Amino acid sequence: THRGTRETGISLTRYLIEEQRAGHVCADLRLLIEVVARACKSISHAVSKGALGNVLGDAGTDNVQGEAQKKLDVLSNEILIEANEWGGHLAALASEEMDHCQAIPNVYPKGNYLLLFDPLDGSSNIDVNISVGTIFSVLRCPDGVTQPTDEHFLQPGTAQVAAGYTVYGPSTVLVLTVGHGTHAFTLDREQGGFVMTQRDIRIPEETQEFAVNMSNMRHWYPPMRRYVEDLLAGKTGPRGKDFNMRWVASMVADVHRILTRGGIFIYPRDTKDPDKPGKLRLMYEANPMAFVVEQAGGAATNGYERLLDIQPSKLHQRVAVFLGSKNEVAVATRYHREAQPA
Ligand code: P6P
């Protein structure tokens, strides 16, 4: 088969064509990813208008999580739905902003994929002009299912055929994996296309940088407290090295930094709400990020087991997240596993 180029600087379209030639994606999945990228371009345009676009502030509605929606949350959700309805590659889609999945209306041709997304993650940062992002995950629709329901989405992260995110920062960068490495594409605003700027991203296996919301410390279970106390003890402590901390409170921005220079991102379960296993959502935040991170040589667990192996039971279920530099995630997970009640 034709060996694709190993260069960067190629367009997203060319990268996807070469992945199709290599047998890594089929035409339908390639076209679905192009549709998602086009929707992210529109969201980038809306986000970058800021106060000039009359899109800041609250929408005056709450989402399924009971969180106040920002106008841009609703707008981004609508952009992703509209772009995917007529595309013909989807059987159904699910969003953080909607209670249940949404089948593609019968007036449009249907495809064999299920798309999940958090249309604008970290949206509380928009009004203070801090980077936000779109996270997406693609699953196969089970054979013979023409009217998918939430249950058909409940597949483990290992079933993803594609996943990624777009970070709307100083530059707009789409990070994507189709299971053959993780690559980054920067939006060229003049030409309106995504250009590959990093191929085969590799997360450093060691790190001296952790990302956690320290204000929750008094709510953590003992393993998490011990792990972080040892990080804070620095060179003279059990870890034998000093650590730095970064917390943007926008998962996409924190994960992108980790993908770029290493680090560990942690949102653990805590005693604030013992019924919740964590704050972040498994299906459209943790799983796509875990796929991207693993394909870049990193690791992702819930403190005890590999995130991608978790069998979901609810569309909006939450999970604890430990992800990033492989060896650091292993250390943090060991603190938890060893503390696990026998
Ligand atoms: P906290 C944003 O609301 C989000 O879902 C993630 O993007 C982010 O990592 C986390 O919550 C921030 O949570 O409790 O620090 O505000």
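A249 has a relative accessible area of 43%, so it counts as partly exposed (buried means under 20% relative accessible area, exposed over 50%, and partly exposed in between, using a 1.4 Å probe and protein chains only). A249 sits in the loop between β12 (244-245) and α6 (251-261), where helices (H or I, at least four residues) and strands (E, at least two) are DSSP runs numbered from the N terminus. Its phi is near 65 degrees, a positive value in a residue other than glycine. D200 is another non-glycine residue with a positive phi, here about 55 degrees. D200 belongs to the loop between β10 and β11 (209-211), and at 29% relative accessibility it is also partly exposed.

A word on the model itself: it is predicted, so local features need pLDDT of at least 70 and side-chain atom pairs count only at pLDDT 80 or more, while totals for chains, interfaces and linings use all residues. Residues are numbered from 1 along each chain as its sequence is written, and side-chain values use heavy atoms, with hydrogens and water left out.

Turning to the sheet, eight strands make up an open arrangement in the order β4-β3-β5-β6-β7-β8-β9-β10, with mixed pairing; two strands pair if DSSP finds at least two bridges between them. At the edges are β4 (102-103) and β10 (193-198), each of which pairs on one side only. Strands β3 (residues 90-95) and β5 (residues 113-121) run parallel and share five bridges, with L90 partnered by Y113 in β5.

Helix α1 (residues 12-21) packs on it by touching β8 (172-177), β9 (182-188) and β10, and its direction makes about 5 degrees with that of β8. Here contact means heavy atoms within 4.5 Å; axes are lines fitted to C-alpha atoms, for helices over the stretch in contact, and angles run from 0 to 180 degrees between N-to-C directions. Helix α7 (residues 282-295) also packs on the sheet, touching β5, β6 (132-140), β7 (162-168), β8 and β9, and its direction makes about 85 degrees with that of β6.

Six of its six residues are buried, so β8 is largely enclosed by the rest of the structure. T172, L174 and L176 point one way from the strand, while V173, V175 and T177 point the other way. On one side, β8 pairs with β7 in the antiparallel sense over six bridges, and A163 has T177 as its bridge partner in β8. A hairpin with three residues joins β7 to β8. Five bridges link β8 to β9, again antiparallel, and T177 stands opposite T182 in β9. The hairpin of β8 and β9 has four residues between the strands, and G179 in that hairpin takes a positive phi near 95 degrees.

Several helices also pack on each other. The axes of α1 and α2 come within 10 Å and cross at roughly 160 degrees, so the two helices are roughly antiparallel (angles under 35 degrees count as roughly parallel, over 145 as roughly antiparallel, 65 to 115 as roughly perpendicular and the rest as oblique). Their crossing is right-handed; a crossing is left-handed if the near helix is turned anticlockwise from the far one by less than a right angle, and right-handed if clockwise. L12, T13, L16, I17 and Q20 of α1 meet A27, R30, I33, E34 and A37 of α2.

Helix α2 (residues 27-49) also meets helix α3 (residues 71-85), with axes that come within 9 Å and cross at roughly 150 degrees. These two are therefore roughly antiparallel as well, and α2 passes α3 in a right-handed crossing. Among the residues in this contact are V36, A39 and I43 of α2 and L75, I79 and L80 of α3. By class, the contact has twelve nonpolar, three polar and no charged residues (Ala, Val, Leu, Ile, Met, Phe, Trp, Tyr, Cys and Pro count as nonpolar, Asp, Glu, Lys and Arg as charged, and the others, Gly among them, as polar).

Helices α5 (residues 222-233) and α8 (residues 326-339) pack at an angle of about 140 degrees, their axes 8 Å apart, which makes α5 oblique to α8. The contact has eight nonpolar, one polar and three charged residues.
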